[in-house]
Amino acid sequence: MPITTFGPGTLTMDPEGDAVSFECQVRTFTVQHAYEETQEAVRYLGDGCESPSVQERGDSIAFDIDHALDAEGLYQYAISNDLEPHTFQYVPNTGGTTPAQWTGTVTVTVPNVEASGRGARLTGSVEWAGVGQFEFTPAAA
């Protein structure tokens, strides 16, 4: 079982339509899964009578970027699509016959823009909440 490394990979927004790729801006990437209890467990008087708790999973993606503030950069993409749902495809490493990937829909928001001093790269952090759960496709050799 080979361990997958980060890169060379891809981050493509709207892969089924007018695909736009941002992998040349992405420095780190995280696929996040959070669980929320939507119904508490309940125990009743009768022996063996209980209602189990119910959990729901919410997915999101987060990544750190170096900003390209031109018309093709992620910042302009986010400004133009702020608060809209868009599909994505993330492939952490394009090696192999069929690489692992996540696909889904996220709500696009505008990332922050920051720098540590004069001459430093403009950087930012992105966290986009998923709309529903992401689909994972495992790698195949």
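**Histidine 67 and its surroundings**

Analyst: Start with one residue and what lies around it. Histidine 67 touches Gln25, Tyr75, Pro111, Asn112, Val113, Leu122, Thr123 and Gly124, leaving aside residues up to four places away in sequence. Keep in mind that this is a predicted model.

User: Where is histidine 67 found?

Analyst: Histidine 67 sits in the loop between E6 and helix H1 (74-80).

User: Is histidine 67 buried or exposed?

Analyst: Check the relative accessible area. For histidine 67 the value is 13%. Buried means under 20%, so histidine 67 counts as buried.

User: What does the side chain of histidine 67 reach?

Analyst: The side chain of histidine 67 reaches the backbone oxygen of asparagine 112, at 2.9 Å. Asparagine 112 is also among the residues that histidine 67 touches.

User: Now the sheet. How do strands pair in general?

Analyst: Strands of a sheet pair through backbone hydrogen bonds, either parallel or antiparallel. Here, five strands form an open sheet in the order E2-E1-E7-E8-E10, and the pairing is antiparallel.

User: Which strands stand at the edges?

Analyst: E2 and strand E10 (135-137) do. Each has a single partner strand, so one side of each is left without a neighbour in the sheet.

User: How many bridges join E1 to E7?

Analyst: Four bridges join them, and the two strands run antiparallel. Look at individual partners. Threonine 10 has valine 91 in E7 as its bridge partner. Threonine 12 stands opposite glutamine 89 in E7.

User: And how does E1 pair with E2?

Analyst: E1 and strand E2 (residues 20-21) pair over two bridges, in the antiparallel sense. Methionine 13 stands opposite valine 20 in E2. The two strands form a hairpin with six residues between them. In the turn, aspartate 14 has a positive phi of about 55 degrees.

User: Where do the side chains of a strand point?

Analyst: In a regular strand the side chains alternate between the two faces of the sheet. Next, take a single side chain and its contacts.

User: Which residues have the most contacts inside the largest nonpolar core?

Analyst: Met13, Phe29, Ile61, Phe63, Phe88 and Trp128 do, in a core of 20 residues. Strand E1 (10-13), strand E3 (26-39), E6, H1, strand E7 (85-91), E8 and E9 each give two or more residues to this core.

User: How is a pair of aromatic rings described?

Analyst: A pair of aromatic rings is described by the distance of the centres and the angle of the planes. The structure holds seven aromatic pairs. One of them joins phenylalanine 29 and tyrosine 90. Their centres are 3.6 Å apart, with 15 degrees between the planes, and the pair is stacked. Phenylalanine 29 lies in strand E3 and tyrosine 90 in strand E7, 61 residues apart, and the pair links these distant parts of the chain.

User: Are phenylalanine 29 and tyrosine 90 buried or exposed?

Analyst: Phenylalanine 29 is buried at 13% relative accessibility. Tyrosine 90 is buried too, at 7%. Both belong to one aromatic cluster, which is formed by Phe29, Phe63, Tyr90, Trp102, Trp128 and Phe136.

User: Last topic. How many salt bridges does the count come to?

Analyst: The count comes to four. For each one, read the distance, then the exposure of both partners. Glutamate 50 and arginine 43 meet at 3.6 Å, N to O. Glutamate 50 is partly exposed at 49%, and arginine 43 is exposed at 70%. Aspartate 59 and arginine 57 meet at 2.8 Å. Aspartate 59 is buried at 4%, whereas arginine 57 is partly exposed at 25%.

User: What does the salt bridge of aspartate 66 and arginine 121 tie together?

Analyst: The two side chains meet at 3.3 Å, N to O. Aspartate 66 lies in strand E6 (residues 54-66), and arginine 121 in the loop between strand E8 (101-107) and strand E9 (123-129), so the pair ties together parts that are 55 residues apart in sequence. Salt bridges that share partners join Arg27, Asp66 and Arg121 into one network. Aspartate 66 is buried at 16%, while arginine 121 is exposed at 63%.

Notes
Residues numbered from 1 in each chain as written. Predicted model: local features only at pLDDT ≥ 70, side-chain atom pairs only at ≥ 80, totals over all residues. Heavy atoms only, no water. Buried < 20%, exposed > 50% of the residue type's maximum accessible area, 1.4 Å probe, protein only. Polar contact = N/O pair within 3.5 Å; in protein donor to acceptor, adjacent residues only side chain to side chain. Contact = heavy atoms within 4.5 Å. Core = buried A, V, L, I, M, F, W, Y, C linked by side-chain atoms within 4.5 Å. Pairing = 2+ DSSP bridges. Phe/Tyr/Trp six-rings, centres within 6.5 Å; stacked < 30°, edge-to-face > 60°.
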